[in-house]
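Subject: Structure handover

Hello,

Here is the structure I said I would pass on. Please look through it before reading the notes below it.

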Amino acid sequence: MAYPVLREATWPLSLPANLPASKLQQIKDEVERLADASQYGWGQTIDFGPFRKDGLLQQGYLKFAGAFDAWGWWPARLDGLRTADIGCFTGGSSFLMAHRGAATVYAVDEIPEHLAQCAFLVQIFGIETVRPLLRSAYRLREDIAPGSLDIILLSGVLYHMSDMLVGLYAMRELLKPGGLLLIMSNGIDDFEQSYANFGRFIAGRWWQPTGLCIQDMLEFMGFRDYEVRFYKTDACLVRAFTSDSDIPFKRGLNWPFETLRDAIPRSTDLQLMAPVRAVQRNDAVSPTRPEHES
């Protein structure tokens, strides 16, 4: 199968060309100190202008942004929008969104050493609309008002979550009605079966979901108009929008719902489970429609 070639978006920032040599050396020294302090080093490759710092994740963030641009998955300009880059690490995507006009970019990471890299870039590039936030993705509503974000970027995070369903629901809670969720995920290019391999935490992965599994999880957690595109056999980009429908089933989800009553009748046909095949889904209960409706 031929996969799309992801073209990099342009990195927009640079240190001043006339920066004194002593100041430039201070910046280089601090970059190295921050890299050494992090268990896995510097996160994303950043071109500072006078020098470049290569990172563990290289320039993937520029390729993902380039794909979103080419596919029309997000607006060319983000003027006035409230956004979040969850799992920001060094903050490459955060600064792209800020440069494109976002009014607020929450740069979120749960690892202090990762966020320290982003905070340093905020300081030296002077981008005050990027707000570094040390917080688990599951607990973001403690800092960000529910229903207040226009766009969330969840890049390289979904498969790191011990509970992908709750993680996706937490994103839905933060987004405005019709809000946009963009995901980069490890995965399996399979839209016939819905399952997630246990990743044994290789490369920090708890899970390796199939394309169909990602679609299923989005649907059951209240998203609509979703699209999953693989750009290689084990990695994909995802676009989804929040729906105005309640999620059908809440029992067992680690979330403080007001009621656990099922929104629709649940199926009891165990043949529809593990793994669910696409052909069987035609006979399954739709998560957004009662069984008796045609």
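The notes below go from the whole chain to single elements and residues.

This is a predicted model, in which local features need pLDDT of at least 70 and side-chain atom pairs count only at pLDDT 80 or more, while totals for chains, interfaces and linings use all residues. Residues are numbered from 1 along each chain as its sequence is written, and side-chain values use heavy atoms, with hydrogens and water left out.

Overall

The protein has seven helices and 13 strands; these are DSSP runs numbered from the N terminus, with helices being H or I of at least four residues and strands E of at least two. Its radius of gyration is 20 Å, close to the 19 Å that the globule rule gives for 294 residues, so the protein is as compact as a globular protein of that length. That radius is taken over C-alpha atoms, and the rule is 2.2 Å times the number of residues to the power 0.38. Along the principal axes, the C-alpha atoms fill a box of roughly 75 × 40 × 35 Å.

Of the 294 residues, 50% are buried (buried is under 20% relative accessible area, exposed is over 50%, and partly exposed lies in between, with a 1.4 Å probe and protein chains only). The exposed surface comes to about 14,600 Å², and carbon and sulfur atoms supply 49% of it (areas are from the Shrake-Rupley method with a 1.4 Å probe; for residues, only the protein chains shown count as cover). Among contacts between residues at least 6 apart in sequence, 62% join residues at least 24 apart (a contact means heavy atoms within 4.5 Å).

Strand pairing

Strand β6 (residues 149-155) has seven of its seven residues buried, so it is largely enclosed by the rest of the structure. It pairs with β3 in the parallel sense over four bridges (two strands pair if DSSP finds at least two bridges between them). In this pairing, Thr83 has Ile151 of β6 as its bridge partner. β6 is also joined to strand β7 (residues 175-186) by six bridges, and these two strands run parallel. Leu149 stands opposite Leu175 in β7.

Phe230 has Cys236 in β12 as its bridge partner.

Helix α3 and the loops around it

Helix α3 (residues 92-99) has seven of its eight residues buried, so it too is largely enclosed by the rest of the structure. The buried ones are Gly92, Ser93, Ser94, Phe95, Leu96, Met97 and Ala98. In the loop between β3 (82-86) and α3 lies Phe89, which is buried at a relative accessible area of 7%. Just after α3, Gly101 takes a positive phi of about 105°.

Arg100 is in the loop between α3 and β4 (104-109). Is Arg100 buried or exposed? Arg100 is buried, with a relative accessible area of 13%. Leaving aside neighbours within four places in sequence, Arg100 is in contact with Ala9, Asp69, Trp74, Ala76, Arg77, Leu78 and Asp79. Arg100 and Leu78 are 22 residues apart along the chain, and their C-alpha atoms are separated by 5.5 Å.

Most residues other than glycine have a negative phi. Phe89 has a positive value, near 50°. Ala203 also has a positive phi, of about 55°, although it is not a glycine. Ala203 is in the loop between β9 (196-202) and β10 (205-209), and at 61% relative accessibility it counts as exposed.

Leu15

Leu15 is in the segment before α1 (21-37) and counts as buried, at 5% relative accessibility. Leaving aside neighbours within four places in sequence, Leu15 is in contact with Leu24, Ile27, Phe48, Pro50, Phe51, Ile124 and Phe125. The C-alpha atoms of Leu15 and Leu149, which are 134 residues apart along the chain, are separated by 30 Å.

Regards
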